[in-house]
Amino acid sequence: MGAPTDGKVSSILPTSNGSGSANLIIELEGRERAAKQLPWYYGPTYLLFWVGLFFAVVIPLFQAVPTALKIAEESASPGKFVAERAQGILLSISQMGPRVVGDHVNEVTIVEYMLAEIAKVRSAMRDDLFDMEWEVQRVSGSYLHNGLVNHYQGVQNVIVKLSTRTSNSSSYLLVNSHYDTKPGSPGAGDDAYMVAVMLEVLRQMAISADLFLHPIVFLFNGGEEQPMLGSHGFITQHRWSANCKALINLDGSGGRELLFQGGPNHPWLMEHYKKSIPHPFATTTGEEIFQAGLIPSDTDFRIFRDFGVVPGLDMAGIYNGFVYHTEFDRYTVISGGALQSTGDNVLALVQSISNAHEMYDTEPYSEGHSVFFDFIGLFFVFYKESTGVVLNICFSIGAMLLVCLSLWRMRKVSGHAVGTFAGAFGVQFLLALAGVVLALALPLIMCVLYDAGDRTLTYFSNSWLVIGLFICPSVIGLILPLTLYLTLRPSEKITHAYHLQIAGHAYCVLLAVLCLVTTALSIRSAYLFLISIVFYVGALIINLVTRLHCRGYYWSFVLGASQLMPFLYHAYLFHTFIVILIPMVGRFGVTTNPDTIIAVLCAFGTILSLSFAAPLINMFRRPKSMLGGLALAMFVFCMISVSDVGFPYRPKTNVMRVDMMQVHRRFFEHDGSMSSENSGYYLHMLDRNKDGPLHDTMNLTGLTRLGEDCDSELMCGIPCYRWCSARKEARWLPREEPVQLPYPTVLELVNKTVLARGDQARLEFRLSGPPNMGLFFKPRSGVKLLRWSFAQGMLDNPATYRPPLQVQITYGIDSTPIEFYVELSKDNGNFDEPVCELGVSGHYVGPRVERDALSEQFLATLPDYTFSMQWPSSYARYIY
């Protein structure tokens, strides 16, 4: 492989201005370089080693869950979470079908079931050790969230408080999940899974002989999907809410639960997670991605944090994303092992935090954010953000100093000038930068080409296609500049082995710079760069101390071995993100190219996993042939992706989501006359392919994009349901026959009063209809909304919230009409002329709501690979 004289060939030869001596130097250096490089046929084996490592280690550890404990085994394992009992609860709840706020199943059936399960726990509880209180909270309220006001009435929560008889603590631990679902979904994973976990944890805590210091409140909230009504009602109005000092929030779609939010500013919670959790699964990067708004979802954690200022841990199951919020989210998709894993973790965490001395007064322990992550499920690492800053700076600067030391050592051994190695490092740094840019650019170019050819989401059902579509181009881009330089450059004084080593130094310095920049921007995910830097620095120190540094390619063995841990971690982490996000890009909307998200993930994963390992292919002869092999693999994957294999959707497992309403519309003028009445289908398209795949089986003649009506009509003239920001990209398909609604949505103007000042008026209304309704307010020119019955946040910030203003109204067990008022001011004080447009929508989303025959016929023509969250709805526009 190498010899102690490496790096000295040119220096021991006589110098001459003659071309014969120069050619001799070139020839000898070329022979040395060729002799030291390994045979080319080892190169593919080297690349396949990393692929094999991913499938042999990363995938099994990612999928690993414990064996589900059976009820018959409980006596042999006292105090353990029993997955079989939780499975029975999960089956019973999921068999109830969809549980939508306001529907009988959500307001009566499941509430009665949970009360019966709680009573079973109460009968088995150690009365000598514990007290239990439970109740059904019925709550009403109003709050501003995500650009609209949520106004709710009669929403129900089932609440249990378990406490030790000897405890005098007034600090409670809050554990939360929700039992309601999206329309059309049985919600086994979201969130009956966590309800079952909580009921079994409650049972194990109640029958245990182990005491705990602080009472535990188990909140089963009945209005998360609307969104987050139940949690808001509890934390703002319940008598126990002020005592809740810490939170464990449980949500997701089933499977292993990822800890993706913590705190804020309470790192002691991470300490309890670290010491108690048997199956850790967590990442700071997930927290930063989620809080940046890049995930089209939200959890109750936000409500507890923003309205209750309760620090906590937010955990969500990440499997089953393809069936999330669909009719296929059933009991059969939840494994007993996954339930056991989550149950073990939640039980251990509840036991730990309920005994935490920090709970007595959490304020002194509010010490900033944390950096946290698990290492491929084997152990958990966390440290404070301030510690992370110190580590990032010290290791980044230390790495740069060691690189300087290494370059000095090379210069000393070879006898060349400092400028020679400084220049070589500068070139290699630029090549490394070019490699990173290309590693990002080539997958993005693939995205652009596929989008231009209407072939987005080809990997949606066969996620392995991302290997060829995005990962292979990224690997090519990462190593292409260096490989071309090393194979095409004219001979220089510095040997090939040194050049390759300097290339590693350049990547190290580049990562150190990125680590410092992200640290300066307070991005805690800088730890990703730190992991790569730490292991490279370790290898460099070993090579310097053992003098392998200057012995041919021997240093590469130490470097390659040092990259095993960073590769495993980064591959594991980015595989997690890909598993989470590929199902999600099917609901990112039509304006975003979802391929870019997956491509960037693959590119970052490739760069962080292989930035030091991939360039080592230049140890082997004919490295360009290996690049050609990667390009051939990419071509084969591209050919596969444009075949039927690349069609995105599959029935039941990987569905296309098409949210659809059967709409009856009426438009009223200022004098009360109805100027127009019509019906049609409102299609809210959730992915980049829009309505294209629907035309094969559906008659969509007359389908139009709603953007054409949005300038002339309030809210485009449609009853948009929370997704109103995307209404211009929705589709409208008119129909001749009117849509038949189960019962009307009625808005009555009860009273109109001009106030004493003369330039203000108060309008009082009564609204009745289905459990889900919407209001849209648009004042006319010269008119200003001053006050209304709902949360005032919009009206207090007119620069941020511009008309039309949206209010979403939901009622649960209490179906009495909603009474509300609005107060307006008008510049000229003339309230006999139009002052405000008001849109009213009614959504009949209950699982037992019947559709008319024509709607049923139309829905039956949907392709079998689609899922439609659909219901009848009404829209009326009034002018007052």
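Visitor: So two strands pair if DSSP finds at least two bridges between them. On that basis, in which sense do strand E1 and strand E2 pair?

Guide: This is a predicted model, and in it E1 (residues 130-145) and E2 (residues 148-164) run antiparallel, with 15 bridges. Met 132 sits opposite Leu 162 in E2.

Visitor: Which residue in that hairpin takes a positive phi?

Guide: Asn 146, with phi near 55°; the hairpin has two residues between its strands.

Visitor: OK, switching to cysteines. How many disulfides does the whole structure have?

Guide: Two. Cys 710 bonds to Cys 716, with the sulfurs 1.8 Å apart, and Cys 720 is joined to Cys 724 at 1.9 Å, S to S. Counting bonded cysteines in sequence order, the pairing goes 1-2, 3-4.

Visitor: What about Cys 836?

Guide: Cys 836 is in no disulfide, and the nearest cysteine sulfur, in Cys 720, is 16 Å away. Cys 836 is buried, at 5% relative accessibility.

Visitor: And the handedness of the Cys 710 and Cys 716 disulfide, why that one?

Guide: The S-S torsion is about 100°, so that disulfide is right-handed. For Cys 720 and Cys 724 the torsion is about 95°, so that one is right-handed too.

Visitor: Last one: where is Ser 253, and is Ser 253 buried or exposed?

Guide: Ser 253 is in the loop between strands E5 (244-252) and E6 (257-263). Its relative accessibility is 6%, so Ser 253 counts as buried.

Visitor: What lies 2.3 Å from a polar atom of its side chain?

Guide: The backbone oxygen of Tyr 319. Beyond its sequence neighbours within four places, Ser 253 has contacts including Gly 189, Asp 190 and Ile 334.

How values were computed: Residues are numbered from 1 along each chain as its sequence is written. This is a predicted model: local features need pLDDT of at least 70, side-chain atom pairs count only at pLDDT 80 or more; totals for chains, interfaces and linings use all residues. Side-chain values use heavy atoms; hydrogens and water are left out. Helices (H or I, at least four residues) and strands (E, at least two) are DSSP runs, numbered from the N terminus. Buried means under 20% relative accessible area, exposed over 50%, partly exposed in between (1.4 Å probe, protein chains only). A polar contact is a pair of N or O atoms within 3.5 Å; within protein, one must be able to donate a hydrogen and the other to accept it, and residues adjacent in sequence count only if both atoms are side-chain atoms. Contact means heavy atoms within 4.5 Å. A disulfide is a pair of cysteine sulfur atoms within 2.5 Å.
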